[in-house]
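Hi there,

Here is the structure I promised to pass on to you.

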Amino acid sequence: MGTSSRIRSGQVGGIGNGTLKNLKELDSRRSKRASLAASSPATKPVNNSGRSGTTASRVFHTDSESNSEDIAPEIIVWTETMDAMNIDDDSSSGSLSPATEMEDPFTDPDIVQMEIEHNATPPLPRLTPPPPTPTLLIWAPEPELPPEPEQEPESVLEPESKPEPEPVPELESKSVPESNLGLKSTAELEQELEPELVAQQEPKPKEKRQSNSKPQPEPIPEALLESVPESLPEPKQFPDLQQLPEQAPEQKLKLENKPELETELEFKREPGSEPVLQSEPAIEKPVIEQGPSAASSLSAISFVSERSDLSSLPSPSLSSKATTPIDIDSSKEASGPVFRLSQSADTPRRRYDVRPKVSIPPDLPVSEYAMQCIAGAETSRLNPYSLHEEEYLILRDHISHAQVTTYLNIRNGILRLWVRNPQVAVTREEAVGCAKDTRWFDVANVCFDWLVRRGYINFGCVEVRASRKQVNREVPVDAKQKTVVVIGAGMAGLGCARQLEGLFMEYSKKFREKGEMAPRVVVLEGRNRIGGRVYSRAFATIPTEAPEAFRGKRFTAEMGGMIITGFDRGNPLNIIVRGQLSLPYRPLRPDTTLYDSNGKPVDLERDQLVEKLYNDCLDRVSEYKFKQPTSKLIEGNRDLMDEGKDSSAETHKTIRQTEESVAAQPYAPPVSEQNITPQVNLVPVSSDRATGRIHTEPGTPGALKAAYKAKLMGWALKHGVSDDADLDIESATREPNATLGSVTDNVIAQYKDIVDLTAQDYRLMNWHIANLEYSNATNYNQLSLQGWDIDAGNEWEGNHTMVVGGYQSVPRGLMHVPTPLNIRQISPVSRITYASGNSTGAATVECEDGFTIEADYVVNTIPLGVLKHGNVAFNPPLPSWKTDAIQRLGFGVLNKVILVYKEPFWDDDRDIFGLLRNPTNRHSLDQKDYASQRGRFFQWFNVSETSGLPVLLALMAGDAGYDTEQTCNDDLVAEATEMLRNVFGPKVPDPVEAVVTRWASDKFARGSYSSAGPDMKADDYDTMARSIGNLFFAGEHTSGTHPATVHGAYLSGLRAASDVLDALLGPIEVPSPLIIPKETSLSLKRKVANSKDPTKARLEAYEIELWDYIIAQIGLRPIAPTRPAINAYVFYSKAHYEDARKKLEEGRRAGKGKASANEVRVMSAKMWRDTSLEQRKPFMDQADEQKRLYSQALAQFKEHAADWDKKATELKEKYEKEHPCVPTAEELAAIAIALAEKGQRRSRMRVESYAETETSDVEMDLS
């Protein structure tokens, strides 16, 4: 129960911002739910001596008749340098150690040690490297014979329904030694494969393993062994995400479960021991369906290979042209339909077979439990101290302001269970067990429903199981089954489909009560692969001697989405990548070297000076951005929550009643304006060189005069320019069709009159602008002045990372784990017929190959670029409010040129370097001359550690991204090689392989990702998320908080799944009253009975007398000294606070008001950095003196406290000896009767499982 049942022995306790200590095992039954865990002992990711070579199957298309609507063909040309290389198709994933944590420079180790000794409870430790993961065994299915030419294609998609899982006996088995796997060599496999088509083979049936005999599996035609490196929790066993099939065979593959393999993988957890493997999980083949003929659907193939007919062949270059969707660094959920709430006093109140606090570990200090709960909320995209706006709408009629604290403690406790082990779904009973009083059971139940439906818990690659009571219930033979069709197998589509599968299992009982089977989910994908714009393309080049970490692994490069922008503070990919799939990843080193157009490194000070000026330009134009929307802010009591305590206040006025009573007062604000989050302006302060994103902080945009600010940044003013000189931005913003680019160019031109800007400064400035264009996939003259930074304030925290072996492992995991999704590939959708607003009826989805499927609900994850292009028809046509938003939002293109070399010639200590580009006129000081060239090969990534080969990846941003679509590969490779030789010398060789992306030419993408178009409105992203009848929308273009990101696309899929479930089952049901009044609850009756207990009263009186005696003899216990400020900067900022404020006022522009406290803190920090050591010395001495005095006082306290404790113990023993507390005979008889009654109740209350029963020991009496 509680935490211990969700944490394995020896593993780290979660995936948040620190490891959480392992707790004592309280209940072994909870551990049986950890199915699909690793089936062999943990081993190192590499050095698998027993592994033989494996060959991944691939179909190489050599047709040259590619449809013009499809992606461009791939061209392969061999060079002389290829003689030393092996061309193979081996695929796998590598491993790397996680990054080490940085030490906090403001933390004094001596003081920390003092605090630990004093407080006894150490602070929460930081995240530690995860344990190694076990070896995985995966079988590939056998090929089926292709259909006869005369066979007609099936017109209706009818996969076999999945039977309800049945209980199976536990079979104990040992892990399989690698030496007994019976693997065939690569040569033997190639002899069995057809030369034209490499197909997959189906495993032979395995016999059941006896518990006392050594397992001897049959030889397997093709076994894929994969070692997944360290991860946060100990990973489940799942298929090799890099080797799983993506190309659908020509015949329908039906889901097959080998009966002898259909046993659960269970762990029996004993306190202090490792899990004991009971049995091996079944390996299921994915349900993948394809149209009748792959040859007739060439437009759906992601790439086609063909030979180049170059006229000169002595030293050709290996180049390839691959179109693949680009970095979708995705977003948060966009607001969907109007929130609905079901309230009914007639709803039968649920009864729970669970006790209060059963999910709260009793041996964990309360303060540490509270800290873990708060961290769990922060890791789940929620504010731990306040209600989400939907929670407010649910609870405003049911709880009071004082009761918000208790609710938040319950909610944060549920989130804590999830983040500490996301491999096991949180059950309803566990969630209810986070309540400390039976009166709050219904509140915890409603909270669980909201967290599950909205995708805050139980999402990703986790198995959700029905309760034992529901498993054996038979569904009527004539039960109906609805169909949900998800269009697109990208991150949004796969995330939505996987979430729907889990939600339908969680609420299977509700569907049975309606006389229905749980709906089936069908995914339609136009390509012959999954992942959408997340595409890890395998290289054809494999070195003779692969790196140690990549032996037998897959060598890939990211054609599209590439970087995970931090795991901390709520990124759902943290749960999936580290907590569930345990994928290897590598943090990017942020240090960047910029090389000028002459090949020389740019002076670092000059680079920083120009970057400050660039950030100030964005700061000034940010004054015209859309204002951040406000929301309700209903907070709990932070002090109580930090201590892990619930609120004891009981008021009868609900939140609504309180707000309405306040609004009724004269001159009082209306309800809509009460308890509103304060308006905060976010101003740019720096830019992220790895992603081009702008970092912001609270402040006042454009607060200081331009000349004064330039001097603060370190610029020298031109002769004759005073500190009062300023810029005129208003006139530029009022020009017709004003955009971010037009206004910023005007600001730069005006700054040229205040400070001396050279041609190199302009090249540096335009490098940063190209980086901004990279993050938006378009020229910044096509960005809205008001909405270009609409997602400000929603960034994750932590290191930027890349997945080793391919980011596409994430969508593959969503496809296959825990069970394969029903995906029909090579099925481009041509028409969607749906039921609009008031009409009813099923939807119909038609594909280009003639395939048609009817659905009750359709989730459309088609990219915005395809919607703009009009490839898919809608019947009836989409309403104007939707089509107008489609046209207003921007959708640009970012392309890449990826070069593979035999050996690296660049600096291995840097992951990123940049190249400055000359304008058409080398010495020009006009911004217009830089637009076309600044984004060409402006930034390079060294991705050798994640690709396994010496690889450089160059970005083509802004106008250069569009130019790439029209430029041939050889010209691009030649230009890139010339630029590299300009920096690293003439010895830079030609690449042995090259890949060029062209996303705008891909008919399934039509670009890379969305952006804020010049005419966009503030709510356009939310408009894109709104459903129309039974047609729902998802994708990064529907997320206003995380647009143009992979995580945003995934979160939009969770939001769409929630909307579909609401349409199927209705809103969350909330019983009324939600919280049983104290006077009618059993908890109060027991408390009243205890208060009248004479034994308890006598013991309390005796305790008071005892302590009065001790205090009278030796006084009160000494009080610990308060920790003082020990940072020299703290003393400096206090002494110079007014100086900093006055300094800000000097150069402040009229009408900007007084400087905020945050601006003063920033200025005082800058003043502190500029002070000399001599000026700092008095404050440093003051800090040292405070530290010395505190250490002395703490030592004295410990000495006096120990002496007081010793004397108190002696006096206590003396008092108890002289004045014993003896119960009376009547008290002893009452105690015996109470113990007897308690034993009878315990026997009736024994819980065999958490499944709900018709009766419960907790009776909810509403009378």
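How many aromatic pairs does the structure hold? There are 24 aromatic pairs, where rings of Phe, Tyr and Trp (its six-membered ring) pair if their centres lie within 6.5 Å, and planes under 30 degrees apart count as stacked, over 60 as edge-to-face and the rest as tilted. F504 and F511 make an edge-to-face pair, at 5.7 Å centre to centre with 90° between the planes. Both of these residues are buried (under 20% relative accessible area; exposed is over 50%, partly exposed in between, with a 1.4 Å probe and protein chains only).

Before going on: this is a predicted model, in which local features need pLDDT of at least 70 and side-chain atom pairs count only at pLDDT 80 or more, while totals for chains, interfaces and linings use all residues. Residues are numbered from 1 along each chain as its sequence is written, and side-chain values use heavy atoms, leaving out hydrogens and water.

One aromatic cluster is formed by Y595, Y901, F905, W906, F913, F937, W940 and F984. W906 is buried, with a relative accessible area of 7%, whereas F905 counts as partly exposed because its relative accessibility is 22%.

Now to the nonpolar cores (buried Ala, Val, Leu, Ile, Met, Phe, Trp, Tyr and Cys residues joined through side-chain atoms within 4.5 Å). The largest has 100 residues, and M491 is one of those with the most contacts inside it. Another core, of 76 residues, lies apart from it and includes A690 and Y762.

Happy exploring!
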